[in-house]
Amino acid sequence: MNDRGFTLIEILISLTLLTIVLGAVYSTFFSVQRAIERFDKISLKYHETRIALDMMRREVESALVKNTRADESNKIKTGFVIKDRDVFGKSTSALDLTAFSFKGGNLNTISYFVTEKEGKLDLLKTERPVAVQSKEYKVDIVEGIESFTVETHFNQKWVRTWDTELTGKLPDIVRIIIEFDDNGKLVKLTEYARPKIDTKL
């Protein structure tokens with residue numbers, strides 16, 4: 001029977017090897033964890049952007065431009081306006097329209113615009129019923145975007161401004177683009193919409 005045990009050198013070598021192995025395991029674990037978090041974050045951004053584009057497409061398709069009557073004494077003017085803006089040194093768009101919205105299915109005045117918050121661009125939406133006095137509903141649609149562009153095809157080219165007060169009608173087709181950063185790669189998602197309800201004042 002040998003009662004010799006371990007020497008100090010053997011214990012130190014064992015501890016060193018154990019530290020190296022545990023360090024590699026923890027490093028791998030945290031790398032995988034960070035990759036999963038990045039993937040979840042960018043997946044959420046894709047999902048939010050696709051939902052926003054789909055919502056805008058449906059609202060543009062249901063845009064309405066004509067005088068409607070809330071009651072005998074109150075005429076309400078509807079419109080469709082695309083503005084080219086500059087926010088935080090970046091060219092962005094603003095979209096104002098009157099359309100049937102998912103929120104209650106009523107005719108609403110809807111605005112999409114970009115604001116700067118903590119050095120990043122966020123796409124916001126405001127919405128208010130046309131026919132009744134109501135509080136404006138405001139929500140962040142997509143946070144941390146690179147750009148938001150709304151264009152319409154006019155005279156065989158894409159233009160970034162439109163106003164039914166000047167044109168007298170809705171645009172034939174609208175292109176909506178949202179760009180965001182995916183770990184250094186610029187992602188550009190696009191949706192096309194054709195107003196379907198009423199094309200003339």
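**Exercise 1.** In this predicted model, determine how many bridges join strand 7 to strand 10, and in which sense the two strands run.

*Solution.* Strand 7 covers residues 137-154 and strand 10 covers residues 174-182. The two are joined by 7 bridges and run antiparallel.

**Exercise 2.** Identify the sense in which strand 7 pairs with strand 6 and with strand 8.

*Solution.* Begin with strand 6, residues 120-129. Its pairing with strand 7 is antiparallel and comprises 6 bridges. Here K125 has V139 in strand 7 as its bridge partner.

Turn next to strand 8, residues 157-159, which pairs with strand 7 in the antiparallel sense over 3 bridges. Within this pairing, T152 stands opposite V159 of strand 8. Finally, examine the connection: strands 7 and 8 form a hairpin with 2 residues between them. In the turn, N155 has a positive phi of about 55°.

**Exercise 3.** Describe the largest pocket by its volume, the residues closest to its centre, and the elements that supply its lining.

*Solution.* The volume of the largest pocket is about 530 Å³. Its lining consists of 21 residues, and K41, K45, K120, E143 and G144 are the closest to the centre.

Next, assign the lining to elements. Helix 1 (8-61), strand 6, strand 7 and strand 10 each supply at least two lining residues. Helix 1 gives the most, with 6 residues.

Conventions. Residues are numbered from 1 along each chain as its sequence is written. This is a predicted model: local features need pLDDT of at least 70, side-chain atom pairs count only at pLDDT 80 or more; totals for chains, interfaces and linings use all residues. Side-chain values use heavy atoms; hydrogens and water are left out. On a 1 Å grid over the protein atoms alone, a cavity is a set of points where a 1.4 Å probe fits but cannot get out, and a pocket is an open set with protein on both sides within 12 Å along at least five of seven lines; lining residues have an atom within 4 Å of a point. Grid points are joined across faces, edges and corners, and a volume is the space filled by probe spheres set on the points. Helices (H or I, at least four residues) and strands (E, at least two) are DSSP runs, numbered from the N terminus. Two strands pair if DSSP finds at least two bridges between them.
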